[in-house]
Amino acid sequence: MNELELTLGWVAKTVGGVLRSGVPELAIGDVMTDSRSLRPGDLFVALKGPRFDGHAFVAEVLGRGAAGAIVERGAGPDSWTRHGAVIEVADGLRALQDLAHAVRMAAETQVIAITGSAGKTTTKETIAELLATRLRVVKNKGNLNNHIGLPLSLMQLRTRPDVAVMELGMNHAGEISRLVEIAEPDVRVWTNVGDAHLGFFASPDAIADAKAEILQRATAATLLVCNADDPRVMARARTFAGRTITFGTVENADVRATLIEDRGVDGMRAHVTTPAGERFFETPLLGRGNLANVLAATAVALDAGIALDAIVDVASRLRPADRRGAVARLGGGITLIDDSYNSSPTALRRALEVVAHESRCERKIAVLGEMLELGDHALALHEECGRAAAAAGLTRLFAIGGAPARALADAAVAAGMPRDSVAYFAQSVEAVGPVSAQVRRGDLVLVKGSRGTRTDLVADRLAAEFA
């Protein structure tokens, strides 16, 4: 099928704008919001934010050969029109979103959308790999999953793939609703409800209500794949207007895992029962959380017609996304679990369970960064995680961050870890040397924290020093 061609005239009409200059029939290349990445022939969308204004770069990109620019009325001089094509709109962000929606509808591609407090990226990547065994698939690049990133990701549908797999991120109520409006997903996947971003919500139930916006704008043909083990998910899924397939470990789950074996850093093994038959699954992805992600992806793949044996084969070869539980075998028998991309209390407890189940190491070390965006719940949740760290059988614990991280360290000591085995640092850069000095032959080291704490600095130092 031919690629969907966009012209300046079509774009202007689609976004409700006025083509102030330029040839309506001119075809455009990629749609960009970052002037640094723009190539000749691309269309630049000037966005305004609290710390940036893309209108400052309009003259530059037109001078470099951009096919045109979408600008907000009154945001710049009339002289722009002498340098290239200009489409004036009332709101640049809305124009980008409306353009993405129009591309999505014109492409006639099936869209799969994923939300949840944890596991979105792994579930997205797994679904994409399973479907790619027989379909042409595109997916979000990196973490382009918000009100700007999703529209940019949907521009890939111009190539008319069979399927687009998109994760939807949020940290405030109403955001998923808008993303669903833009993407109009045919399949919705709801992984779970956890405590990520709890600082922006009154309670976990409020988070669940915001995530439940994934259920909106559904028809009888729309499919929901949801977590049967999560009571908050299931309570809200009852209102869904379309079809439902569940996954989990409870007896009535449509895709169900039993005889679960946690093999530490070697991943998971389970017997999986599905509407298409039963198989033993093995995956190198770590922990029960990732097993749930594989189950969700299996449900989606089966509905898409992927053979169960093909699913089992792909699951056995999965690899985690960068810094999301990646296992590195370093020199001297040292094993590094780099989970430094992000963290939340639920995700951290799952990571500590993996460490607890690993018995083939000399010592167990955890480098845990503060978990951000927890608001008034931060101290209590960090203390709970400190107790979980002590229960995981750690030999040494390094906590990094502000007062919540110190609370985690103190709670670990109160739960039984020797005080001289627990260290606290305000910043990751301060912890790099002391952590590296403590690591020995045969150690297992978990590094995990919110991105803002930069625990990736520790992981990178260990990977370089013990390569």
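The largest pocket holds about 1400 Å³ of space. This is a predicted model: local features need pLDDT of at least 70, side-chain atom pairs count only at pLDDT 80 or more, and totals for chains, interfaces and linings use all residues. Residues are numbered from 1 along each chain as its sequence is written, and side-chain values use heavy atoms, without hydrogens and water.

**Largest pocket**

- A pocket is an open set of points on a 1 Å grid over the protein atoms alone, where a 1.4 Å probe fits, with protein on both sides within 12 Å along at least five of seven lines.
- Its volume is the space filled by probe spheres set on the points, which are joined across faces, edges and corners.
- The lining counts 48 residues, each with an atom within 4 Å of a point.
- Ser 117, Lys 120, Tyr 341, Asn 342 and Arg 451 lie nearest the centre of the pocket.
- Elements giving two or more residues to the lining are α4 (120–131), α6 (175–183), α9 (287–303), β16 (335–339), α11 (345–357) and β20 (444–448).
- Helices (H or I, at least four residues) and strands (E, at least two) are DSSP runs, numbered from the N terminus.
- Helix α9 gives the largest share, 5 residues.
- By class, the lining has 15 nonpolar, 22 polar and 11 charged residues.
- Nonpolar means Ala, Val, Leu, Ile, Met, Phe, Trp, Tyr, Cys and Pro; charged means Asp, Glu, Lys and Arg; the others, Gly among them, are polar.

- Strand β15 (residues 326–329) runs antiparallel to β16, joined by 4 bridges.
- Ala 328 has Leu 336 in β16 as its bridge partner.
- The hairpin has 5 residues between its strands, and Gly 332 takes a positive phi near 70°.

**Open sheet**

- An open sheet of 5 strands has the order β1-β5-β4-β3-β2, with mixed pairing.
- Two strands pair if DSSP finds at least two bridges between them.
- At the edges are β1 (18–21) and β2 (31–32), each pairing on one side only.
- β2 pairs with β3 (residues 43–45) in the parallel sense, over 2 bridges.
- Met 32 has Phe 44 in β3 as its bridge partner.

**Helices α12 and α13**

- Helix α12 (residues 378–391) packs on helix α13 (residues 403–414) at about 35°, with the axes 7 Å apart.
- Axes are lines fitted to C-alpha atoms over the stretch in contact, and angles run from 0 to 180 degrees between N-to-C directions.
- The crossing is right-handed: the near helix is turned clockwise from the far one by less than a right angle.
- Contact (heavy atoms within 4.5 Å) involves residues including His 382 and Arg 387 of α12 and Leu 408 of α13.
- The contact residues divide into 11 nonpolar, 2 polar and 2 charged.
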